[in-house]
Amino acid sequence: MPALNVEFSDRELEDLRQIAKERGTSMKALVREAAAADIARHRALQEGAEAFRRFFATHADEFAAAFPDDEPSVKGAGQAA
């Protein structure tokens, strides 16, 4: 399995040691779990954003009718201010 060397400040390293000790796990496992959780959170946010974009695109006309004041004006569209 590939590895990654990560540098921490003395304070961060001490905090990691303390947290790992409190949780009864190794520092390596603690950091790996934190990274895995962040990866999962990132993927979920990407998937949610894509689902929203698809939903919005599918219902764009309905949104335009419901919120006409939020529609961009056609006059001057694409022109620099």
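Modeller: The rings of two Phe residues count as a pair if their centres lie within 6.5 Å. In this predicted model, such ring pairs link Phe52, Phe55, Phe56, Phe63 and Phe67 into a cluster.

Colleague: How many aromatic pairs does a search of the whole structure find?

Modeller: The search finds four aromatic pairs. One of them is made by Phe55 and Phe63, with 6.2 Å from centre to centre. The limit is 6.5 Å, so the two rings pair.

Colleague: Why is the pair of Phe55 and Phe63 called edge-to-face?

Modeller: The angle between the two planes is 80°. Planes over 60 degrees apart count as edge-to-face, so the name applies to Phe55 and Phe63.

Colleague: Are Phe55 and Phe63 buried, partly exposed or exposed?

Modeller: Partly exposed lies between the 20% limit for buried and the 50% limit for exposed. Phe55 has 44% relative accessibility, so it counts as partly exposed. Phe63 has 25% and therefore also counts as partly exposed.

Colleague: Where in the chain is Phe63?

Modeller: Phe63 belongs to helix α3, which covers residues 60-66. Between Phe63 and Ser26 there are 51 Å, C-alpha to C-alpha, at a sequence separation of 37 residues.

Colleague: Which residue has a sequence separation of 37 residues from Asn5, and how far apart in space are the two?

Modeller: That residue is His42, and the distance from Asn5 is 22 Å, C-alpha to C-alpha. His42 sits in helix α2, residues 27-58. Its relative accessibility is 46%, so His42 counts as partly exposed.

Colleague: What makes Glu22 buried or exposed?

Modeller: Its relative accessible area is 60%. Exposed means over 50%, so Glu22 is exposed. Glu22 is part of helix α1, residues 10-23. From Glu22 to Arg32 there are 10 residues along the chain and 16 Å between the C-alpha atoms.

Colleague: How many helices and strands are there in the protein chain?

Modeller: The protein chain has three helices and zero strands. Read from the N terminus, the order is α-α-α.

Colleague: How does the radius of gyration of the protein chain stand against that of a compact globule of 81 residues?

Modeller: Such a globule would have a value near 12 Å, but the protein chain has 23 Å. Along the principal axes, the C-alpha atoms fill a box of roughly 60 × 30 × 25 Å.

Colleague: What share of the 81 residues counts as buried?

Modeller: That share is 4%. A residue needs under 20% relative accessible area to be called buried. The protein chain exposes about 7,600 Å², of which carbon and sulfur atoms supply 56%.

Colleague: How much space lies in the largest pocket, and which residues are the closest to its centre?

Modeller: The largest pocket holds about 470 Å³ of space. It is lined by 15 residues, and Leu4, Val6, Lys28, Val31 and Arg32 are the closest to its centre. Helix α2 gives the most to this lining, namely seven residues.

Colleague: How do the residues of that lining divide into nonpolar, polar and charged?

Modeller: The lining has 12 nonpolar residues, one polar and two charged. Lys and Arg count as charged, so Lys28 and Arg32 fall in that class.

How values were computed: Residues numbered from 1 in each chain as written. Predicted model: local features only at pLDDT ≥ 70, side-chain atom pairs only at ≥ 80, totals over all residues. Heavy atoms only, no water. Phe/Tyr/Trp six-rings, centres within 6.5 Å; stacked < 30°, edge-to-face > 60°. Buried < 20%, exposed > 50% of the residue type's maximum accessible area, 1.4 Å probe, protein only. Helix = DSSP H or I, 4+ residues; strand = E, 2+ residues; numbered from the N terminus. 1 Å grid on protein atoms, 1.4 Å probe; cavity = no way out; pocket = protein on both sides within 12 Å on 5 of 7 lines; lining within 4 Å. Points joined across faces, edges and corners; volume = space filled by probe spheres on them. Rg over C-alpha atoms; globule rule 2.2 N^0.38 Å. Areas by Shrake-Rupley, 256 points an atom, 1.4 Å probe, with all protein chains shown as cover.
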